[in-house]
Amino acid sequence: MKQQNISRRQMLSQTAGGILGVSLFSATPWIKAFGAAPSYEIMRTAVLSQQPNLYYGWPTVGIRENGEILVVVSGGREDHVCPFGRVDLFRSKDNGQTWTWPQTIYDGPIDDRDAGILVTAKGTILVTTFTSLAYWDSLKKETELRAKGEKQWSDERFLRWSSVNDRISEEERNNELGCWMLRSTDGGVNWSERYSSTLNSPHGPFQLADGRLLYAGNDLWKQTPNHNTVGVVESKDDGQTWSFLSDIPYRPGENDFYYELHGVEAANGRLIVQIRNHNQNNNNETLQTESEDGGLTWTIPHSIGVWGIPSHLIKMKDGRLLMTYGHRRSPLGNQARISSDNGETWSEPIFLSQDGTSGDLGYPSTVQLADQSFLSVWYERMQEYPKAVLRYAHWKLND
């Protein structure tokens with residue numbers, strides 16, 4: 001059986017000039033003008049990671065009813081692509097001032113990437129991830145070199161990667177590929193066995209006012225034949241089971257290269273999903289699609305004039321919407337925008353961070369705290385640390 005070594009992130013690399021690169025961009029004319037950014041204040045920016053010698057990537061933040069903040073992340077890593085990824089969970093009981101040592105809640109035999117989280121209305125915690133063999137190309141190349149008496153890696157690195165990869169057979173590794181969910185009903189003390197979520201996207205599902213959960217994402221491993229590679233699955237039992245609900249359509253002339261979706265229900269009941277786009281038209285922009293019938297049908301995705309990816313969406317306590325996204329060109333960092341009209345238009349950016357040192361950053365997500373302020377979490381490489389770390393900003397709006 002041939003090793004299945006393609007991953008979503010490899011597809012992004014091939015189609016977008018490299019996931020870590022800062023792409024050039026010709027601005028698309030905006031259909032609707034941006035409103036002014038609200039007045040805001042960044043009160044604190046700090047590093048969250050307790051083990052800065054490890055690479056942390058692609059986190060998501062959630063909040064429980066008691067105010068405890070949860071951050072899940074692909075932890076235990078050596079680098080952006082490696083076989084060591086696992087799902088780690090951090091907690092804060094003081095609005096992000098201090099954080100617990102990470103709890104590993106899932107560590108499969110191959111790489112576990114992109115951790116998403118949702119705390120449902122019933123208090124259930126759902127965590128998402130996907131498994132990948134993207135590291136295999138590098139390991140295979142080094143193995144082939146060594147068979148010819150050559151090498152590029154240290155012996156220690158080769159042994160480390162090989163020892164992890166060889167814990168199971170090639171067939172078993174291929175069978176490990178999937179889109180997964182974990183579920184806890186006791187505040188994250190105990191977790192279910194992993195089960196299929198059918199689709200995957202970095203930040204996980206979102207909840208509707210009627211109690212349903214929707215998960216907009218990519219069908220990474222073609223588990224839904226005869227459907228688009230992007231769509232929506234639905235749960236009516238608090239995340240225990242998922243069924244396919246609807247395709248998200250492509251724009252005319254496009255049939256791929258939509259990735260890393262996230263959604264929210266606006267105050268008027270409209271459902272909004274934003275999409276990381278890597279088609280030539282609006283490359284590296286956030287696209288948006290809407291549903292007025294509870295997710296059964298979706299509009300053709302369209303540009304909202306926002307360069308930056310991928311986005312995370314929440315409905316604020318005052319009913320407005322907040323999108324948070326990474327910005328991998330000057331100013332390197334993370335930004336947020338607000339919509340006061342249920343996603344029709346978005347404000348000018350709020351700059352959560354502007355001091356990035358490379359394009360290896362982003363995937364920010366945000367929660368609103370009891371005092372109406374916000375906590376946004378992302379990952380990035382910083383000059384002070386050997387590996388990518390988790391970083392967060394505590395900020396507030398002044399309006």
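Author: On a 1 Å grid over the protein atoms alone, a pocket is an open set of points where a 1.4 Å probe fits, with protein on both sides within 12 Å along at least five of seven lines, and its lining residues have an atom within 4 Å of a point. The structure above is a predicted model, in which local features need pLDDT of at least 70 and side-chain atom pairs count only at pLDDT 80 or more, whereas totals for chains, interfaces and linings use all residues. Residues are numbered from 1 along each chain as its sequence is written, and side-chain values use heavy atoms, with hydrogens and water left out.

Reader: What volume does the largest pocket have?

Author: The lining of the largest pocket is made up of 37 residues, and those nearest its centre are Ile-63, Leu-118, Val-119, Ile-314 and Lys-315. At least two lining residues come from each of strand 2, strand 6 (111-119), strand 10 (206-207), strand 14 (258-265), strand 18 (311-315) and strand 22, where a strand is a DSSP run of E with at least two residues, numbered from the N terminus. Taken as the space filled by probe spheres set on grid points joined across faces, edges and corners, the volume of the largest pocket is about 1,100 Å³.

Reader: How far apart are the C-alpha atoms of Asp-79 and Tyr-55?

Author: Asp-79 belongs to the loop between strand 3 and strand 4 (86-92), and its relative accessibility of 29% makes it partly exposed, a class that falls between buried (under 20%) and exposed (over 50%), with a 1.4 Å probe and protein chains only. With neighbours within four places in sequence set aside, Asp-79 is in contact with Tyr-55 and Arg-381, contact meaning heavy atoms within 4.5 Å. Although Asp-79 and Tyr-55 are 24 residues apart along the chain, their C-alpha atoms are separated by 5.5 Å.

Reader: How many of the eight residues of strand 7 are buried?

Author: On one side of strand 7, Ile-125, Val-127, Thr-129 and Thr-131 are buried, and on the other Leu-126, Thr-128, Phe-130 and Ser-132 are buried, so that both faces are covered. Strand 7 runs antiparallel to strand 6, with seven bridges, and also antiparallel to strand 8 (residues 179-184), with six bridges. Strand 7 (residues 125-132) is therefore largely enclosed by the rest of the structure, its count of buried residues being eight of the eight.

Reader: What is the relative accessibility of Glu-260?

Author: Most residues other than glycine have a negative phi. Glu-260, though not a glycine, has a positive phi of about 50°, and its place is in strand 14. Glu-260 counts as buried because its relative accessibility is 1%.

Reader: What is omega for the cis peptide bond that joins Ser-330 and Pro-331?

Author: Most peptide bonds are trans. The bond from Ile-309 to Pro-310 is cis, with omega near -25°, and Pro-310 is in the loop between strand 17 (302-307) and strand 18. Pro-331 is in the loop between strand 19 and strand 20 (333-339), and for its cis bond with Ser-330 omega is about 0°.

Methods:
Helix = DSSP H or I, 4+ residues; strand = E, 2+ residues; numbered from the N terminus. Pairing = 2+ DSSP bridges.
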